Amino acid sequence: MKFTYDHDLHIHSNLSACSNDPEQTAESILAYAKKRKLKRVCITDHFWDEAVPGASDWYLPQNYKHISRIKPLPQAEGVQLLFGCEAELDKNMSLSVSEEKYDLFDFIVVATTHMHRVGFTVDETELKTPERRADAWIRRLDAVLDMDLPFHKVGIAHLTCKLIAPEKDVFLKTLRAIPVSEMKRLFTKAARLGAGIELNYGAFKFADEEAALLPYRIAKECGCKFYCGSDAHEVFQMYAAGEVFQKAINLLDLREEDKMK
């Protein structure tokens, strides 16, 4: 049976500092789920745990007290509206969520490709060439997979998004510079741990190049499970995501058995 788009596990509310839409609320997210007949949706606002040192000025206000203001979450028959977060990885490989907070979240999205936060997530020297960016891609994903995380509820977000490199040629050169052997090693590890691999709306909007599809093809080959994540920060982005998810599902020939449960 073909993989069905019946969930969206990466959605930001207007509590995320990068959302500029006052209408992006728990109620509008639930309405989106009902309209699209989704079974599970998860609010994953940007989060830096106050128990973890090293927050940037941007992350500092986005602590647990702040993001939990969205609770209690509204519910509707046939839909699970879940409470999660998007965790950051800084340049020292510190994750922004502490072990003590794991049980407070239904799902944890981990970002390893925020290479636009120069000086905080990566050093400028790591961005000088596509090969250096590729090394950072490998090293950061490897670091997360070596952590003691509850991987049954952890998703690896936007592995091929343009936050790796905004210029298309540099972006594609970076992906081509990642050795296939390293992808196979990392995705074999991810599959063994049970971490989900995200079909991200932003990543698949421009997934017409084979270099942008290859990591997902290899992940599937290695036995990884996938989930849909619109990464929506505004209401219109949620509703635009479905067509892109179908594109990703078709390009990768995903089946229900490839879905993260």
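User: Where is Pro-72 found?
Analyst: This is a predicted model. In it, Pro-72 sits in the loop between helix H2 (64-67) and S3.

User: What kind of peptide bond joins Lys-71 and Pro-72?
Analyst: A cis peptide bond. Its omega is about 0°.

User: OK, cores next. Which residues touch the most other members in the largest nonpolar core?
Analyst: Val-41, Phe-105, Trp-137, Phe-187, Ile-197, Leu-199 and Phe-204. That core has 83 residues.

User: Which helix gives the most to this core?
Analyst: Helix H3, residues 130-145. H3 puts in eight residues.

User: Why would nonpolar residues gather like that?
Analyst: In soluble globular proteins, nonpolar side chains tend to be buried together.

User: Back to Phe-187. What is Phe-187 in contact with, leaving aside neighbours within four places in sequence?
Analyst: Trp-137, Leu-159, Ile-197, Pro-215, Ile-218, Ala-219, Cys-222 and Cys-224.

User: And the second core, how many residues are in it?
Analyst: Eight, and that core is separate. Among them are Leu-9, Cys-42, Leu-82 and Ala-157.

User: Now helix packing. At what angle do the axes of H3 and H4 cross?
Analyst: Roughly 55°. The axes come within 8 Å, and H4 covers residues 168-176.

User: So are H3 and H4 parallel or oblique to each other?
Analyst: Oblique. An angle under 35 degrees would count as roughly parallel, and 65 to 115 as roughly perpendicular.

User: What about H1 and H8, at what angle do their axes cross?
Analyst: Roughly 20°, with the axes coming within 10 Å. H1 is residues 26-35 and H8 is residues 235-252. Angles under 35 degrees count as roughly parallel, so H1 and H8 are roughly parallel to each other. The crossing is right-handed here.

User: Which residues make the contact of H1 and H8?
Analyst: Ser-28, Ile-29, Ala-31, Tyr-32 and Lys-35 on H1. On H8 they are Val-235, Met-238 and Tyr-239. By class, there are six nonpolar, one polar and one charged.

User: Switching topic. Is Glu-126 buried or exposed?
Analyst: Buried. The cut-off is under 20% relative accessible area, and Glu-126 has 9%. Glu-126 lies in the loop between strand S4 (107-110) and H3.

User: What does Glu-126 touch, not counting residues up to four places away in sequence?
Analyst: Arg-132, Arg-133, Ala-136 and Arg-139.

User: Then Lys-91, where is its place?
Analyst: In the loop between strand S3 (80-87) and S4. Lys-91 is partly exposed, at 32% relative accessibility. Beyond its neighbours within four places in sequence, Lys-91 contacts Gly-119, Phe-120, Thr-121, Val-122, Asp-123, Arg-139 and Arg-140.

User: How many residues apart in sequence are Lys-91 and Val-118?
Analyst: 27 residues. In space they are 9.1 Å apart, C-alpha to C-alpha.

User: Last one. What is phi of Met-93?
Analyst: Near 65°, a positive value in a residue other than glycine. Met-93 is in the loop between S3 and S4. Asp-253 has a positive phi too, near 50°. Asp-253 lies in the segment after H8 and is partly exposed, with 47% relative accessible area.

Note on methods:
Residues are numbered from 1 along each chain as its sequence is written. This is a predicted model: local features need pLDDT of at least 70, side-chain atom pairs count only at pLDDT 80 or more; totals for chains, interfaces and linings use all residues. Side-chain values use heavy atoms; hydrogens and water are left out. A nonpolar core is a set of buried Ala, Val, Leu, Ile, Met, Phe, Trp, Tyr and Cys residues joined through side-chain atoms within 4.5 Å. Buried means under 20% relative accessible area, exposed over 50%, partly exposed in between (1.4 Å probe, protein chains only). Helices (H or I, at least four residues) and strands (E, at least two) are DSSP runs, numbered from the N terminus. Contact means heavy atoms within 4.5 Å. Axes are lines fitted to C-alpha atoms, for helices over the stretch in contact, and angles run from 0 to 180 degrees between N-to-C directions. Angles under 35 degrees count as roughly parallel, over 145 as roughly antiparallel, 65 to 115 as roughly perpendicular and the rest as oblique. A crossing is left-handed if the near helix is turned anticlockwise from the far one by less than a right angle, and right-handed if clockwise. Ala, Val, Leu, Ile, Met, Phe, Trp, Tyr, Cys and Pro count as nonpolar, Asp, Glu, Lys and Arg as charged, and the others, Gly among them, as polar.
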